[in-house]
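I opened this notebook to record what I looked up in one protein chain.

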Amino acid sequence: MKKLIVIFLVVSVFSCRNQNDNPKKNESKNKIKNQSAKKIKKQETLDEYIALLDSLRAFDINSISIAKEYITNKMNVPESLADSAYYIFLEFFYTTTNRMTDSLETKYSSVTNKLYKNNEDTEVQKFYSKLNQNGLALFMSEGTFYVDVQPDFFYNTFKHNLSPSLKEYLILRNKELKEPFSEDAILLLSFDKLSERVYAWEKFIESYPNTKLTNEANYYYKVYLETLLTGLDNSRLFDWNTNILLPEVKKTYERYKTSYPETRSGKIINEYYQILKHNDFYYSDSIGFILKKYKLSSMHMIQPHLR
């Protein structure tokens, strides 16, 4: 990503005189240009940004919107600093968000009690508005409320201060956050959509092999691929009664190995599919062989991420 440069252009059209006839005006313009240059140079460091975050109260979620306003309207950093700015904000954001979640049953107990009873009065609406203003939303998992980021928040906040790899990463995560992955070891996606996540993350890893995001990308890739191969505790791949591969899963395997035959995941799925086909698609211990061969793990007895 090319370095973003803020150019302040000052135009004065109050006179028909030639600029050379007014040396004081030219001198004034030069001062403005010099001041602008200083501003650009200052914005291309993270010192002011870090100082701002340090000055904000991490237990006050309104600090998030203050930080976002600075990032979107005042920060202009080169690509070499852009990702660092994101990671610094990420730590600040989740420190604040986690404290908010921890206080739901104490500081905001009156709100949560009303929500449990489906009573959304003025107090609840104000609470929702406060969350929304700071890029947050309220979610529930296994009967418990928690606060988390809205799907587009990180991308919209940093879209003008991103490296190509981080931009692509946030675009992928935005799509995923809009459609939850699992809940109580139940897959909330179709197997086709799950397989497309596998492909998307494999292509990301191929496109950006040496990025700070490699570990995170590998995490999502492995979790989705392992889920596609083994299912989850409460979303099995084989019929409980017949022990035969579910038709939906069979179709997903067939589509994937045909659509992406040259990918690593496509080759793994094709190999497993051929073993299953040889056994008339009955369950067997062959999955253990596949997992061991490709250094993967079963997703059984695992509680994966929700979003």
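Before reading any surface value, I noted that accessible areas come from the Shrake-Rupley method with a 1.4 Å probe. I also noted that this is a predicted model.

**Entry 1: the whole chain.** I looked up the accessible surface of the chain, which comes to about 17400 Å². Carbon and sulfur atoms account for 52% of that surface. Of the 307 residues in the chain, 41% count as buried. I then listed the secondary structure and found 13 helices and four strands.

**Entry 2: contacts along the sequence.** I took the contacts between residues at least 6 apart in sequence, and 66% of them join residues at least 24 apart.

**Entry 3: the core.** Which residues have the most contacts inside the largest nonpolar core? I found Tyr 49, Phe 89 and Tyr 253 in a core of 77 residues.

**Entry 4: two helices.** Two packed helices are described by the angle between their axes and the distance between the axes. I looked up helix α2 (residues 47-55) and helix α4 (residues 79-102), whose axes come within 11 Å and cross at roughly 0°. Angles under 35 degrees count as roughly parallel, so α2 is roughly parallel to α4. On the α2 side I found Tyr 49, Ile 50 and Leu 53, which meet Ala 85, Ile 88, Phe 89 and Phe 92 of α4. The residues of this contact divide into seven nonpolar, no polar and no charged.

Notes: Residues are numbered from 1 along each chain as its sequence is written. This is a predicted model: local features need pLDDT of at least 70, side-chain atom pairs count only at pLDDT 80 or more; totals for chains, interfaces and linings use all residues. Side-chain values use heavy atoms; hydrogens and water are left out. A nonpolar core is a set of buried Ala, Val, Leu, Ile, Met, Phe, Trp, Tyr and Cys residues joined through side-chain atoms within 4.5 Å. Buried means under 20% relative accessible area, exposed over 50%, partly exposed in between (1.4 Å probe, protein chains only). Helices (H or I, at least four residues) and strands (E, at least two) are DSSP runs, numbered from the N terminus. Contact means heavy atoms within 4.5 Å. Axes are lines fitted to C-alpha atoms, for helices over the stretch in contact, and angles run from 0 to 180 degrees between N-to-C directions. Angles under 35 degrees count as roughly parallel, over 145 as roughly antiparallel, 65 to 115 as roughly perpendicular and the rest as oblique. Ala, Val, Leu, Ile, Met, Phe, Trp, Tyr, Cys and Pro count as nonpolar, Asp, Glu, Lys and Arg as charged, and the others, Gly among them, as polar.
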